[in-house]
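Hello,

Please find the structure below. My notes on some of its helices follow.

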Amino acid sequence: MNIRKKTSKLALIASMALIMPIAIYADGDPDAGKVKAQVCAACHGQDGHSIDPTYPNLAGQHESYLVKALADYRAQRRVNPIMGPMAANLSDQDIEDLAAWYAGQDGLKDLSIK
Amino acid sequence: MRYLTIPVVMLATAGLLLSAGPARAAGDIEAGKIKSYTCTGCHGIPGYNNVYPTYKVPKIGGQNYEYLVNAMKAYRAGERDHKTMDLQANSLSDRDIEDIAAYFASLGSD
């Protein structure tokens, strides 16, 4: 094996390492999330369309934003008397599964620039 | 006839009170569309990322009116922490918040 091959192998490993953190968000299993979302449905609806307008719609929300929001509630960076206790006992995997489930539902939109 | 006057006046008063609308102002969609132009700089670019930490800027088209009003007021009051949103919300009046929320909420129903 010459130097050049070694270098390209290193480059490949380095570039994979760079891509890896992105894959964290892709780990969520929407089917598992659907099952775990049973308790959420009481407020956020079966498919993420909330039952009361004071609760946010979650259907179609970006997966990474949902992960961030739940992680913030769990860490008390975002303080809410309902969501704090709900998120307190969620694992990282739970959060990713729930986010994957709601992100896959039809609903919210980006604002289109007119 | 005189005996009827009082109930009629009472009914009319009740009707006026009821037609004055809900206690919560609903917000003006058209005004909100103009006032929310700044918001599109982040919320209007599909898949646009927040940096540090990296996550996609939330979709708010079709979000619920009350939730949006509460969220903007929470940023304004410093109860929710996001540098950009705190600054944006600080410049908004209650009326602005209601108008903007009405516009975003109106984009949802399909």
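H4(B) crosses H6(B) in a right-handed way (a crossing is left-handed if the near helix is turned anticlockwise from the far one by less than a right angle, right-handed if clockwise). The model is predicted: local features need pLDDT of at least 70 and side-chain atom pairs count only at pLDDT 80 or more, while totals for chains, interfaces and linings use all residues. Residues are numbered from 1 along each chain as its sequence is written, and chains are lettered from A and ligands numbered from 1 in the order in which they are written.

Helices here are DSSP runs of H or I with at least four residues, numbered from the N terminus. H4 (residues 65-76) and H6 (residues 94-106) of chain B pack at about 140°, with their axes 9 Å apart; axes are lines fitted to C-alpha atoms over the stretch in contact, and angles run from 0 to 180 degrees between N-to-C directions. H4(B) and H6(B) are therefore oblique (under 35 degrees is roughly parallel, over 145 roughly antiparallel, 65 to 115 roughly perpendicular, the rest oblique).

H4(B) also packs against H5 (residues 83-90) of chain B, at about 95° and with the axes 7 Å apart. That pair is therefore roughly perpendicular. Met72(B), Tyr75(B) and Arg76(B) of H4(B) meet Met85(B), Asp86(B), Ala89(B) and Asn90(B) of H5(B), where contact means C-beta atoms, placed from the backbone, within 7 Å.

In chain A, helix H6 (residues 92-103) has twelve residues. The buried residues of H6(A) pack against H2 (30-36) and H4 (63-74) of chain A; buried means 20 or more other C-beta atoms within 10 Å of a residue's own, exposed 12 or fewer, and partly exposed in between.

Regards

Conventions: Helices (H or I, at least four residues) and strands (E, at least two) are DSSP runs, numbered from the N terminus. The expected span of a helix is 1.5 Å times one less than its number of residues. Two residues are in contact if their C-beta atoms, placed from the backbone, lie within 7 Å.
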